[in-house]
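Trainee: I would like to learn how to read some features of a structure. Can we work through one together?

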There are 2 protein chains.
Amino acid sequence: MRTYPSQQPAGTLQVDTGRGVAAAQGFRAAGTVAGFKDSGGPDLALVVNDGPQHHVGAVYTTNRVSAAPVQWSKAATADGRAAAVVLNSGGANACTGPQGFQAAHRTAELVGEALGVGAGDVVVCSTGLIGVQLPMDVMERGLPAVVEALGGDDEAGAAAARAIMTTDSVSKQAAYVRDGWTVGGMAKGAGMLAPGLATMLVVLTTDAELSSDALQWALEDAVKVTFNRTDSDGCMSTNDTVVLLGSGASGVTPDEFEFSQAVTAVCHSLAQQLITDAEGASHDIAITTVNAATEKQAEDVSRSVARSNLFKAAIFGNDPNWGRVLSAVGTTDAAFDPDKLDVTINGVTVCRDGAIGDPREDVDLAADRRVSVLIDLKAGDADATVWTNDLTHDYVEENSAYSS
Amino acid sequence: MRTYPSQQPAGTLQVDTGRGVAAAQGFRAAGTVAGFKDSGGPDLALVVNDGPQHHVGAVYTTNRVSAAPVQWSKAATADGRAAAVVLNSGGANACTGPQGFQAAHRTAELVGEALGVGAGDVVVCSTGLIGVQLPMDVMERGLPAVVEALGGDDEAGAAAARAIMTTDSVSKQAAYVRDGWTVGGMAKGAGMLAPGLATMLVVLTTDAELSSDALQWALEDAVKVTFNRTDSDGCMSTNDTVVLLGSGASGVTPDEFEFSQAVTAVCHSLAQQLITDAEGASHDIAITTVNAATEKQAEDVSRSVARSNLFKAAIFGNDPNWGRVLSAVGTTDAAFDPDKLDVTINGVTVCRDGAIGDPREDVDLAADRRVSVLIDLKAGDADATVWTNDLTHDYVEENSAYSS
């Protein structure tokens, strides 16, 4: 019996969180201070793909209210080609009307001119407050410096990762190196989870020689079981963007399954770093539903618990309140018999057959930041894990005291 | 143009919040201390219908994990007949297995014996912690006293309203009196809103002479636009119950529309009292969506905003963060053009045509506990209001510090 599910999906590979987008061959990166942030911290990043291939896969927010840079970048990556990604923090450029779209377009033109590539090959990402115009004078002054700072070493990649931070307390990187090819990545956020400044942005790079379709498939597979199951507060951003750039510089074409596993491993590491750093959280909660009729139903059940404020507040209070788990499960359409449900928290089956199980006093939630909730539907053989955080005073404070 | 929607649905009638279930003829009520609560406060209530009719309409939680008293009462009211409602606080009798159902059944038998009616005509309601067996020795000792205390005056009704309180800070009553017939009611909670102790319980009484079908229809209509649109934290309880008892004692058969309006008015008042008293809230927020293609879409849009933790935390911080409104609207399937959306907060149209509108500084959220959010979809002529609260430190505290 699985009583303490791993925080990792099965088959996850070991990644290096000390390296990022510059780990793969054929990429340069930079992060500098342009002046978007009042704090004076780094706020402009650039990742350049020097080829020989300029392939791209991309996944964007499904929010129907999408930011101008998302609208621009969707069009730019539709042909599977991209040569660079420019990212700014300190302003989301969302809900900014025609002027906002013009700002994203102009940013791509400026980057394209500086790098000698077409504007249509430049992906644009922004993160920060919604409903404020991006100051283009800051962008125009800042771009030459970030282009000048481009470098191919890990320090350059780390600088880029730092420049996209908003309410993040640490930068997030991950890289997987194998047999001559590499997948690297950086993230800020937390998009689907807790968009304090409204956005999850992820840039991944690889030197594997693959078609843009292969990149897209691997990325979609990875996002489905990592970022899309990382749900800190149920809020979906207007700016979420995940981009995978392929340079082909290694000259190696990996097995597609191996490549997909590598991209998933890097995305999983970045997603876990986002959850661990989510605004105001004091517990990281893995909610695994097993023996569901379908994987979709398993995910629905786990997500409904992940979105219960009452459950999340209980975990903050170190209270293994399984009644709040059952209440959330009962709102779903998944196949189950309410009188057969089991709930196991940190290895203690506190609810058995829909009623009182082992003593809730046996559950220790104070010892570890990590919490495991296992829901057994006894209705099939599919399972899924959704990762979330507890609902804390600090979450309320960070999201009420500052406009973001 | 509607810029500051009323907190009341159109056509709401004036109700008296100083009177409750005993306001209608043919009813007696009582509330006493049985001993379910550690606090020693009143925790057992009884409402008796002395006829001549013994009609009932009822609406229960749609949560598939429903408490034993809900399962009992659904069966008991299926025939449209009920003679009494017994309610205890201090224990939800939910997720308690066969022993829990037996406890609900036994409670109905004891009340039936004491009143000289069949157990099948006794509705049972419980509220409190999920996953704990109801102490039947307490119930058996407590019932004679509550039967003994039954009275037909408003003080008896008020005692019943006090005995069903859990985390409520005040008891909730409302009555509408008209041309010889009356609708009275009491509530605790907050069910669909913030089930601190897991439940919204509402008992309504009327002396109007109507069939049980007429009672059921009026109740369903009223619940749809009142309790079901009162959504403090998106969590649905295992115990929610709304019962309307009809005695026919007035001998008056009102027009069905007028009766429906009266039931809606009483439910609306009780729902507003629940929102105002919701756990830890500092703002009461009315979210009205206008010019939607359908009423369902208007409700979906309002509810998606009502469930955004980021938006609710911003309101706690007196921040008119319209970007978080648009982010929530964008997750729905409602018909709208993102570039045409208007958002008005407390009369200031801060977002116009999906972009920056009037200055957010003009919105004053600190002056009044009540907040009005108006979302104009420009896609039709339907509208709906959902009422919610802000997300506050006190909400987290109340739901984390105490097991409930």
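Trainee: Which hand does the crossing have where α2(B) passes α3(B)?

Mentor: This is a predicted model, so take each value as computed. α2(B) passes α3(B) in a right-handed crossing. Next, read the angle. The axes of α2(B) and α3(B), residues 136-148 of chain B, come within 10 Å and cross at roughly 25°. Angles under 35 degrees count as roughly parallel, so α2(B) is roughly parallel to α3(B).

Trainee: Which residues of α2(B) and α3(B) meet?

Mentor: From α2(B), the list is Ala103(B), Arg106(B), Thr107(B), Leu110(B), Val111(B), Ala114(B) and Leu115(B). They meet Met136(B), Met139(B), Glu140(B), Leu143(B) and Val147(B) of α3(B). Sorted by class, this contact has 9 nonpolar, 1 polar and 2 charged residues.

Trainee: At what angle do the axes of α1(B) and α2(B) cross?

Mentor: Helix α1 spans residues 68-77 of chain B, and helix α2 spans residues 97-115 of chain B. Their axes come within 8 Å and cross at roughly 50°. That angle makes α1(B) oblique to α2(B). The crossing is right-handed.

Trainee: Which residues make that contact of α1(B) with α2(B)?

Mentor: α1(B) brings Ala68(B), Pro69(B), Gln71(B) and Trp72(B). α2(B) answers with Gly100(B), Phe101(B), Ala104(B), His105(B) and Ala108(B). The classes are 6 nonpolar, 3 polar and no charged.

Trainee: How far apart are the axes of α7(B) and α9(B)?

Mentor: They are 8 Å apart, and the helices pack at an angle of about 130°. α7 covers residues 295-306 of chain B, and α9 covers residues 322-329 of chain B. That angle makes α7(B) oblique to α9(B). Here too, read the hand: α7(B) passes α9(B) in a right-handed crossing. Val301(B), Ser304(B) and Val305(B) in α7(B) meet Val325(B), Ala328(B) and Val329(B) in α9(B). The contact has 5 nonpolar, 1 polar and no charged residues.

Trainee: Now the chains. How is the size of an interface often given?

Mentor: Often as the accessible area lost when the parts come together. Between chain B and chain A, the buried area is about 4100 Å². Carbon and sulfur atoms give 55% of that area. Arg64(B), Leu310(B) and His393(B) supply 16% of the area that chain B buries against chain A, more than any other three residues.

Trainee: How many residues of each chain are in contact?

Mentor: 55 residues of chain B touch 56 residues of chain A.

Trainee: How many salt bridges are found across the interface of chain B and chain A?

Mentor: The rule finds 0. It looks for a side-chain nitrogen of Lys or Arg within 4 Å of a carboxyl oxygen of Asp or Glu.

Trainee: Let us turn to the backbone. What should I expect of phi and of peptide bonds?

Mentor: Most residues other than glycine have a negative phi, and most peptide bonds are trans. Now look for the exceptions. The peptide bond from Gly51(A) to Pro52(A) is cis, with omega near 20°. Pro52(A) sits in the loop between β2 (44-49) and β3 (55-60) of chain A. In chain B, the bond from Gly51(B) to Pro52(B) is cis, with omega near 15°. Pro52(B) lies in the loop between β2 (44-49) and β3 (55-60) of chain B.

Trainee: And what is the phi of Asp179(A)?

Mentor: Positive, at about 40°, although Asp179(A) is not a glycine. Its place is the loop between β6 (172-178) and β7 (181-188) of chain A.

Conventions
Residues are numbered from 1 along each chain as its sequence is written. Chains are lettered from A and ligands numbered from 1 in the order in which they are written. This is a predicted model: local features need pLDDT of at least 70, side-chain atom pairs count only at pLDDT 80 or more; totals for chains, interfaces and linings use all residues. Side-chain values use heavy atoms; hydrogens and water are left out. Axes are lines fitted to C-alpha atoms, for helices over the stretch in contact, and angles run from 0 to 180 degrees between N-to-C directions. Helices (H or I, at least four residues) and strands (E, at least two) are DSSP runs, numbered from the N terminus. Angles under 35 degrees count as roughly parallel, over 145 as roughly antiparallel, 65 to 115 as roughly perpendicular and the rest as oblique. A crossing is left-handed if the near helix is turned anticlockwise from the far one by less than a right angle, and right-handed if clockwise. Contact means heavy atoms within 4.5 Å. Ala, Val, Leu, Ile, Met, Phe, Trp, Tyr, Cys and Pro count as nonpolar, Asp, Glu, Lys and Arg as charged, and the others, Gly among them, as polar. Buried area is the accessible area (1.4 Å probe) that two parts lose on being put together, summed over both.
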